[in-house]
Amino acid sequence: MFQQITGINAVLIFAPDILKSAGVGGETALQQSMLVGLVNFLMTIVAIKLVDTQGRKTLLLYGAAGMSVALCYLMFEFMQPVRNTTFVLIALLVYIAFLQLLLHRLCG
């Protein structure tokens, strides 16, 4: 349930549309959304190893903080008349990484 509240399904499904609205071209947006999927996969593997060493509470706190910072930056970037597409992609990847690395596997 907590996974769905974070909006990860919407981000993964609409990643090409999010990137297109940031100013990325059609084919490039699709390629960058594949990068989002790769980060999603790799951070899941890292999360499996970190849960045992760091503990759930610590990971939940850092995960929530990291996701909040990434989403606040995305909000700031989308409020600008001209968006920096590189930073939008980086913020999106940071959001995915923190969610997968620190939250998704803890609650699922």
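Serine 33 touches Ala15, Pro16 and Leu19, when residues up to four places away in sequence are not counted; contact here means heavy atoms within 4.5 Å. The model is a predicted one, in which local features need pLDDT of at least 70 and side-chain atom pairs count only at pLDDT 80 or more, whereas totals for chains, interfaces and linings use all residues. Residues are numbered from 1 along each chain as its sequence is written, and side-chain values use heavy atoms, with hydrogens and water left out.

**Residues of helix H4**

Serine 33 belongs to helix H4, helices being DSSP runs of H or I with at least four residues and strands runs of E with at least two, numbered from the N terminus. Serine 33 counts as buried because its relative accessibility is 15%; buried means under 20% relative accessible area, exposed means over 50%, and partly exposed lies in between, with a 1.4 Å probe and protein chains only. Glutamine 32 is also placed in helix H4, and its relative accessibility of 19% makes it count as buried. Threonine 28, another residue of helix H4, is partly exposed, with a relative accessible area of 37%.

**Nonpolar cores**

A nonpolar core is a set of buried Ala, Val, Leu, Ile, Met, Phe, Trp, Tyr and Cys residues joined through side-chain atoms within 4.5 Å. The largest such core has 20 residues, of which Leu19, Leu92, Tyr95 and Ile96 touch the most other members. At least two residues of this core come from each of helix H2 (8–13), helix H4 (26–54), helix H5 (56–79) and helix H6 (85–107), and H6 gives the most, with 9 residues. Apart from this core lies another, of 5 residues, among them Ala47, Val51, Leu59 and Leu101. Returning to the largest core, where Tyr95 is one of the residues that touch the most other members, tyrosine 95 is in contact with Thr6, Gly7, Ile8, Val11, Met67, Ala70 and Leu71, again not counting residues up to four places away in sequence.

Glycine 7, one of the residues that tyrosine 95 touches, lies in the loop between helix H1 (2–5) and H2. At 21% relative accessibility, glycine 7 counts as partly exposed.

**Helix H5 and pairs across the sequence**

Leucine 60 lies in helix H5 and counts as partly exposed, with a relative accessibility of 32%. Threonine 58 also has its place in helix H5 and is partly exposed, with a relative accessible area of 32%. The table sets out C-alpha to C-alpha distances for residue pairs, together with their separation in sequence.

| Pair | Separation in sequence | C-alpha to C-alpha distance |
|---|---|---|
| Glycine 7 and valine 69 | 62 residues | 15 Å |
| Threonine 28 and leucine 60 | 32 residues | 33 Å |
| Leucine 60 and valine 36 | 24 residues | 21 Å |
| Threonine 58 and leucine 35 | 23 residues | 27 Å |

**The whole chain**

The secondary structure of the protein comes to 6 helices and 0 strands, and along the sequence these follow the pattern α-α-α-α-α-α. The radius of gyration is 14 Å, close to the 13 Å that the globule rule gives for 108 residues, so the protein is as compact as a globular protein of that length; the radius is taken over C-alpha atoms, and the rule is 2.2 Å times the number of residues to the power 0.38. Along its principal axes, the C-alpha trace spans about 40 × 25 × 25 Å.

Of the 108 residues, 36% count as buried. Among contacts with a separation of 6 or more, 75% are accounted for by residues 24 or more positions apart. The protein exposes about 6400 Å², of which carbon and sulfur atoms supply 68%, the accessible areas coming from the Shrake-Rupley method with a 1.4 Å probe and, for residues, only the protein chains shown counting as cover.

The mean positions of the 6 positive and 4 negative charges are 11 Å apart. Lys and Arg count as positive and Asp and Glu as negative, while His and the chain ends are not counted, and the place of a charge is taken as NZ of Lys, CZ of Arg, CG of Asp or CD of Glu.
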